[in-house]
Amino acid sequence: MKIFPENVSVYGDDIDFLFWLITIVAGLATLIVLFLVIYPVLTRKKHKAKENIYVKGEGFKQLKWIYLAIFVMAVADFSFLIIESDGWIKTQETLPEKDFHVAIVGKQWLWEIIYPGPDGKLYTSDDVKKFNTMIVPQDAVIHMDLTAYDVLHSVFIPHARFKFDCLPGRKITRWVEFTKSGEYPMVCAEMCGVGHSRMVGKVVVLPQEKFEKELAKIYKK
Amino acid sequence: MNTTSLSKIAWNRIPQARFAMWTLIAGEFVIFGGLIVVYLLNRMKYPGWGEMAMHTNVVAGTINTFVLLTSSFFVVKAHEAAVKKNVEKVKFWIWLTILCALIFLGIKAYEYTHEIHLGFTLSSPALLEQGKHVETLYWALYYTMTGLHGLHVVGGALALFFVMRNVAKTKSYFHRIEAAGLYWHMVDIIWIFLFPLIYLIH
Amino acid sequence: MSTTHENKGFWHRFFFSLDHKDIGLQYLITTMFIAFFAGIFAMVFRIHLAFPDYHIPLFGIIDAKEYNILVTNHGLIMVLWLSMGILLATAGNYLIPTMLGTDDMAFPKLNKLSYWFFLLSVIILIISFFLPQKGFGGGWTLYPPLSVGDFGYNTPYKTFSDRFFSSNTFVLLAIALEFVALLMGGINFMVTLFNKRAKGMGLLQVPLLVWMIVIASILFMFSVGPLVAGTFMLLLDINAGTGFYDASRGGDPLLWEHLFWFFGHPEVYVILLPGLGILAEVITTNARKTLFGYKFILVLVLIATVLSLMVWAHHQFVAGVDPRAATVFGILTIIISLPFAGVILSFLATLWKSNLRLTLPMKWAMSAIVLFTILGGFTGLHLGAALFDMYAHDTSFVVAHFHYTLIPVVIFAGMAGFYHWFNKFSGRELNQFLGNLHFWLTFIFFNGFGIPLFLLGLAGQPRRYAGYDHIPYLSEGYLPLLREIATISAVILVLSQFIFIFNFIWSVYKGKKVTSNNPWQSTTLEWQTSSPPPHGNFEVYPVVYHGPYEYNRPGVDKDFLPQNQKI
């Protein structure tokens, strides 16, 4: 039984690792919380001395365990943050040198894929538009210009652990690099109307040579 | 019901109407605050808005500012009279305040008709035809902000009117003049924020 | 206001009464009425997801458009009407004056007006189902440009009346009116707390629940303002042809997201705080211990309240905001989890070494803490990490996460409060057997519904889809089975709430009359009057000598010391 879909992108492992890290730490905290709830239930009716249990929780001495717990939690939280910030900067704040450039335009209810055309540049007259199927090379940095015509959409490629919103009026560039060839779904993750659930495209990842052949075929038509 | 023991409780710790009014005013400021932030962000983003702001009538705006400031003075006088429980004076000053509100609305209506005449409306189709897309947003916000403020002027004047009528009829409830007056000051202060933002920055 | 205790007719009691208890009952019935439909909606669209070919009674086989309407209105009603209607309005109306030992709210007429606005908002929301669009279906977050247009319904807006008499306009009007209602209620709560406390009751002797409701009302007031302006602009976009959210005219769809979540995140705490307040009351009473860290909790909550106004963009990590801003919001999100950890730990410290009574309200309260902390709170850490959020955003993982934050607070803590205070305000006892049955069914099948959703989300299932069977990667392996488990559990979860409704109605008329005014042996003032309290609440207005949670105090014979009793 696998929890995540198979990872096929260069940064997918970082994301899966982050999930398991937080889950394990939170799991330990879960055990503590469960103990703190269940133990009093099991030992109820046993405490007799009133002085012992009349504790108002004022002052550092009485609150020290809570301060300690909050401190430990803060340390854990900030370690998560430091660990994830590497991946966040890699995926969101930096754009590695591109090998292939493509534009994805969300539209009710299909994906419009714009290839740069023979000149290799986007937004020129020889651009080629295709729908719903995006072919990309394997082991190459792919820049995606994300935008939308009508309403908000969101490109979600689960196997690549990639998601980003497409907004009308904005062109946002994000990147992805596939490590394995194959066909992967590309779905819409932002409510976009009646056809939202039918807005399913696919990414076809091909080895470099095969990809160039396929691309040439697209350009020829 | 044992009402005597209730009255012994020391419960009017803060004048109730004043406290509630301050709370309401805080809420209103957040609403206008949201609009003003939206306006400022767009203003910085679109230099074309300066040109649109030139079309506003600065003279009318300035007069209106003075009208509202004067009305605030009248409300203060009405409050003074209310403290002395002088019904006639309260009525006199509140009527003057309401007169100011009417003058304000009249001038505003004159401005609106002038601007609509030039083709600047909520959706400004005339500007759209000229290809000035971003500029339509200026007028949309202009009408939203001044319109919402205008509604508050109407609301404030109505509140003053009904409170005054009630005070005149019952010769009590004088503290309500203060609460309604506080609301009126808020309407005034919001205008003080809107006036430079909309009329003066080009 | 009449001060005599009179037997009032139906119309007087349910429409014109100024008594806070009657208004509380009006809120309770109205919210339960509208939540009933939201629950049915949930059942219908869950069935559609797992068994798309099943012919649902009364609904038939729903299509994508109807699916969107059901999901949208389920979310809107549950978050805006049920949660705030129960935890702020109902709890606030019933409990604030009685807990403060006073006769009524500071402004009974304003209170009445607030309910009328609330009722009007519900009526307008219901009307929105009978307009040409048959209901609003653009997602409960109402993101424009989708919410401006006809969202693909093929009912193009040609004239002004098409636009005005559309579900979009009516839903927005309903929301705006509901905000007005709760703002008025909030002003009332605040003034009542500061002005109408019983004699001798200091601000730090006020039961925590009252503080929590008032803080929540203040937070609501400060967070909702920009959204009121935003709603106004969205209404103009729909009806007057402005372009505030239209990118082609210089507007910005992201603006709505900011305004919405600037309210939307504090909204979570607006709901959470009264829930925590109820937990504090129920836990101290049943643990027979004084609340651990009353002032500490108050300080933590105030810190969290201020912070909550600065974390909204963590809902938009991948929505197009600057990724560097996401880092800042990520840090603030992490920081805001700490005060709440402190509050929960204080509750757990209250349980520690206690002679607790495992009563029905206590079962609800303890399971609320466990579920909220473990599955609601800790998965918040996952989502607060922006990198993982890139994967989990807008998947079922998020759906499961917020159901695990809201349901423990609204349903579990709400039910804890209901079972705790029912006998006080009805003068009768609830049936214990049905109560236990309701609790266990809710507990088991809520988890049966939530845990599969986490797994589905991790498998990459996007939310708000009207069916997944046509998508290969979501219809293989154990995923369809998980959806079926979630669906069956959700259906039983909703149906088991009928046990509660039956128990409620039956007990109101036929339940055993209470034998004691203070069956839980509680210390706060509402228990020191008769059940139900008379008009005006107290025969003799109490004078307060202690803080609210004096249980097992050394030097006192009994294990509890009411606030109005001298040692």
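The contact between chains C and A draws on 76 residues from chain C and 74 residues from chain A, where two residues are in contact if their C-beta atoms, placed from the backbone, lie within 7 Å. There are 2 pairs of chains in contact, and chains A and C share the most contacts. This is a predicted model, in which local features need pLDDT of at least 70 and side-chain atom pairs count only at pLDDT 80 or more, while totals for chains, interfaces and linings use all residues. Residues are numbered from 1 along each chain as its sequence is written, and chains are lettered from A and ligands numbered from 1 in the order in which they are written.

**Chain C against chain A**

- On the side of chain C that touches chain A, the elements supplying at least two residues each include α3 (64-99), α8 (253-287), α10 (323-351) and α14 (432-458) of chain C; helices here are DSSP runs (H or I, at least four residues), numbered from the N terminus.
- The most comes from α10(C), with 15 residues.
- By class, this side of chain C has 47 nonpolar, 21 polar and 8 charged residues (Ala, Val, Leu, Ile, Met, Phe, Trp, Tyr, Cys and Pro count as nonpolar, Asp, Glu, Lys and Arg as charged, and the others, Gly among them, as polar).

**Chain C against chain B**

- Here the contact takes 41 residues from chain C and 34 residues from chain B.
- On chain C, two or more residues each come from α6 (167-195), α7 (208-239) and α8, and α7(C) gives the most, with 10 residues.
- The side of chain C that touches chain B divides into 22 nonpolar, 14 polar and 5 charged residues.
- Chains A and B, for their part, do not touch, and their nearest C-alpha atoms are 12 Å apart.

**A helix pair in chain B**

- Helices α7 (residues 133-170) and α8 (residues 175-200) of chain B pack at an angle of about 160°, with their axes 9 Å apart; axes are lines fitted to C-alpha atoms over the stretch in contact, and angles run from 0 to 180 degrees between N-to-C directions.
- That angle makes α7(B) roughly antiparallel to α8(B) (over 145 degrees).
- Among the residues making this contact are B:Tyr142, B:His149 and B:Leu160 of α7(B), along with B:Arg176, B:Trp184 and B:Ile198 of α8(B).
- The contact of α7(B) with α8(B) has 16 nonpolar, 4 polar and 1 charged residues.

**Domains of chain A**

- Chain A is divided into domain 1 (12-93) and domain 2 (100-220), with bounds from an automatic or database domain assignment.
- The centres of these two domains, taken over C-alpha atoms, are separated by 42 Å.

Technical notes:
Parallel < 35°, antiparallel > 145°, perpendicular 65-115°, else oblique.
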